[in-house]
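Colleague: I'd like to learn how to read sheets and ring pairs in a model like this one. Can you walk me through it?

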Amino acid sequence: MQINGIHHVTAIAGPARRNLDFYSRVLGLRLVKKTVNFDDPTTWHLYFGDAGGNPGTILTFFPWEHVAPGRLGVGETEVTAFRIPAAAVGYWTHRLIANGVAHDAPQKRFGETVLSFRDPDGMRLALVAVPGSESEPAFDNGEVPPESAIRGFHGVTLLLDKTQTTAAILRDVFGFVEAGREGNTVRMRAEGTAHGGVVDLRAAGGFLPARMGAGSVHHIAFRAGGDAEQARMVKTLTDIFGLHPTEQRDRNYFRSVYFREPGGVLFEIATDAPGFAIDEPADDLGGALKLPAQYETRRAEIEAVLPALV
């Protein structure tokens, strides 16, 4: 059976220590994995999520100390949104103020209360009040009370020149359905999943193209239950949409293929297995630097050049 929804979101950040402090302390997410960029092992790859590192909760970063700021534009993720209990909007408003985080006044979108803000690199984030989410498991970081804690992703907003083909890929490949329209935004929803089940497509024809940098989302990964499901998705992309995804790549914690959808956003299809507990106990997730096998012989060299996290 197809597993729907977002697997993870990967973004670009500035200083790693600042990134870790904001997402683990201020937002209360769990650091579930410390590893390195497969293509640049002198750069951290930090994974944040819920207590178990479950798909639909994982936000990852490539933090470069001196990276230039990105520029929002078409062909990019505009907003990454998290789920919070409906009663927690007041708590989070006060917490953002207490931590000096600029934010907008709460607004209603698609009937939901949304609290928008930015991280220290300018990445656009939102907290969406979701009735019933208070009954879902919550990670306790010792600062954010569990009753107010983030419950994984709500979804993402993609800024596109046109929305039709992207919507068709979400429908025919990833099992989303249109769930509403509001202004120039089409809401697509993956039924049967609590976390990461919403993709909003915002049409902004004629807007400048995106430029990657600090605060930019690099790619969005969608879930595949396993290799066979991933292969079926690739076949649909090839046969129906004429796209050519990459070969499968082993990312240690999932297996991935990548393609750029017609609107310009880089999409990934990631398997749920094997998960983040494959190389360290679930209770110790994020405790030690985990290196891809090809870099293990260079551990001392890599540890010496990675920026300090504390």
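Modeller: Strands here are DSSP E runs of at least two residues and helices are H or I runs of at least four, numbered from the N terminus; two strands pair if DSSP finds at least two bridges between them. This is a predicted model, where local features need pLDDT of at least 70 and side-chain atom pairs count only at pLDDT 80 or more, while totals for chains, interfaces and linings use all residues. Residues are numbered from 1 along each chain as its sequence is written, and side-chain values use heavy atoms, leaving out hydrogens and water.

Colleague: Which residue is the bridge partner of D250 in β15?

Modeller: That's R255.

Colleague: What is the order of the strands in the open sheet?

Modeller: In general, strands of a sheet pair through backbone hydrogen bonds, either parallel or antiparallel. Here eight strands run in the order β2-β3-β4-β1-β13-β16-β15-β14, with mixed pairing. The edges are β2 (30-37) and β14 (249-250); each has a single partner strand, so one side of each lacks a neighbour in the sheet.

Colleague: Which strands does α1 touch as it packs on the sheet?

Modeller: α1 touches β1 (6-13), β2, β3 and β4, and its direction makes about 10° with that of β3. Contact means heavy atoms within 4.5 Å; axes are lines fitted to C-alpha atoms, for helices over the stretch in contact, with angles from 0 to 180 degrees between N-to-C directions. Helix α4 (residues 227-239) lies across β13, β15 and β16 (266-274), at about 160° to β16.

Colleague: Now the rings: how many aromatic pairs are there?

Modeller: A ring pair is described by the distance of the centres and the angle of the planes. Rings of Phe, Tyr and Trp (its six-membered ring) pair if their centres lie within 6.5 Å; planes under 30 degrees apart are stacked, over 60 edge-to-face, the rest tilted. The count comes to 17. One of them, Y23 with F48, is tilted, at 5.7 Å centre to centre and 35° between the planes.

Colleague: Why does that pair tie together separate parts of the sequence?

Modeller: Because Y23 lies in helix α1 (residues 16-26) and F48 in strand β3 (residues 40-49), parts 25 residues apart in sequence. F48 also pairs edge-to-face with F61, at 6.2 Å and 70°.

Colleague: Is F61 buried or exposed?

Modeller: Buried, with a relative accessible area of 0%. Buried means under 20%, exposed over 50% and partly exposed in between (1.4 Å probe, protein chains only).
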